[in-house]
Amino acid sequence: MVEKDGSLSNIRIMRGIGGGADEEAVRVLAISPKWMAGTQNGHKVRVQYSVPINFALAPNEEKKMGAIKDPSQKGSVLYKDTIASGAPFKLKGFNNPPLYIVDGNVVKDIQNINPNTIQSMSISKDKSAILKYGSDGVNGVVEITTKPKAKAVK
């Protein structure tokens, strides 16, 4: 909730990804500066607001600050930092990689995608991935939508 004074309250995760990322999202929102309060008929009011938060994977896992170890995957490291360099990234440490969907098409890997061209990314796992993609989604699904300009360039 965004309170009348712009502070945030009742911060909760609607659809988490685990691995410490959910807790990090709550922590970052809790320490964020005050937001603009909602107004109705010229008066400030409390407003319920959902904030989509995207986490990006980064290269150089052992050198990168803020790494979040995923205990369920030996050797894998997830990151809370957003990539600003535009360097390509890849998932490491996964024996059974997830299904990758880029702009609606199945791809073998996402190693050659420039993170700066990504508009959105969602990760489905467990039953939700299997319900949507059948047995192809048994190891999870990473769905990526690239920015419109990037779609035109092949």
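This is a short chat about a predicted protein model.

Q: How many helices and strands are in the protein?
A: The protein has three helices and eight strands.

Q: In what order do the elements run from the N terminus on?
A: The order is α-β-β-β-β-β-β-β-α-β-α.

Q: What share of the residues is buried?
A: Buried residues are 26% of the 154 residues.

Q: And the accessible surface, what does that come to?
A: About 10,800 Å² for the protein. Carbon and sulfur atoms hold 53% of that surface.

Q: What about contacts? Take residues at least 6 apart in sequence. What percentage of their contacts join residues at least 24 apart?
A: That figure is 53%.

Q: Let's zoom in. Which residues make the nonpolar surface patch of about 270 Å²?
A: Tyr49, Val51 and Ile53 make that patch.

Q: Where is Ile53?
A: Ile53 is in the loop between strand E2 (43-45) and strand E3 (67-69).

Q: Why does Ile53 count as partly exposed?
A: Because its relative accessibility is 37%.

Q: New topic: Glu3. Where does Glu3 lie?
A: Glu3 lies in the segment before helix H1, which covers 21-30.

Q: Is Glu3 buried or exposed?
A: Glu3 is buried, because its relative accessible area is 16%. The cut-off for buried is under 20%.

Q: What does Glu3 touch, leaving out residues up to four places away in sequence?
A: Glu3 touches Ser9, Ala37 and Arg46.

Q: What joins the side chains of Glu3 and Ser9?
A: A polar contact of 2.4 Å joins those two side chains.

Q: Now Asn10. What is its phi?
A: Phi of Asn10 is near 50°. That is a positive value, and Asn10 is a residue other than glycine.

Q: Where is Asn10 found, and is it buried or exposed?
A: Asn10 is in the segment before H1. Asn10 is exposed, with a relative accessible area of 53%.

Q: And Asn41, what is its phi?
A: Phi of Asn41 is near 55°. Here too the value is positive in a residue other than glycine.

Q: Where is Asn41 found?
A: Asn41 is in the loop between strand E1 (38-40) and E2.

Q: Last one. Why does Asn41 count as exposed?
A: Because Asn41 has 73% relative accessibility. Exposed means over 50%.

How values were computed: Residues numbered from 1 in each chain as written. Predicted model: local features only at pLDDT ≥ 70, side-chain atom pairs only at ≥ 80, totals over all residues. Heavy atoms only, no water. Helix = DSSP H or I, 4+ residues; strand = E, 2+ residues; numbered from the N terminus. Buried < 20%, exposed > 50% of the residue type's maximum accessible area, 1.4 Å probe, protein only. Contact = heavy atoms within 4.5 Å. Areas by Shrake-Rupley, 256 points an atom, 1.4 Å probe, with all protein chains shown as cover. Patch = residues over 30% accessible without salt bridge, like charges linked within 9 Å, V, L, I, M, F, W, Y side chains within 5 Å. Salt bridge = Lys/Arg side-chain N within 4 Å of Asp/Glu carboxyl O. Polar contact = N/O pair within 3.5 Å; in protein donor to acceptor, adjacent residues only side chain to side chain.
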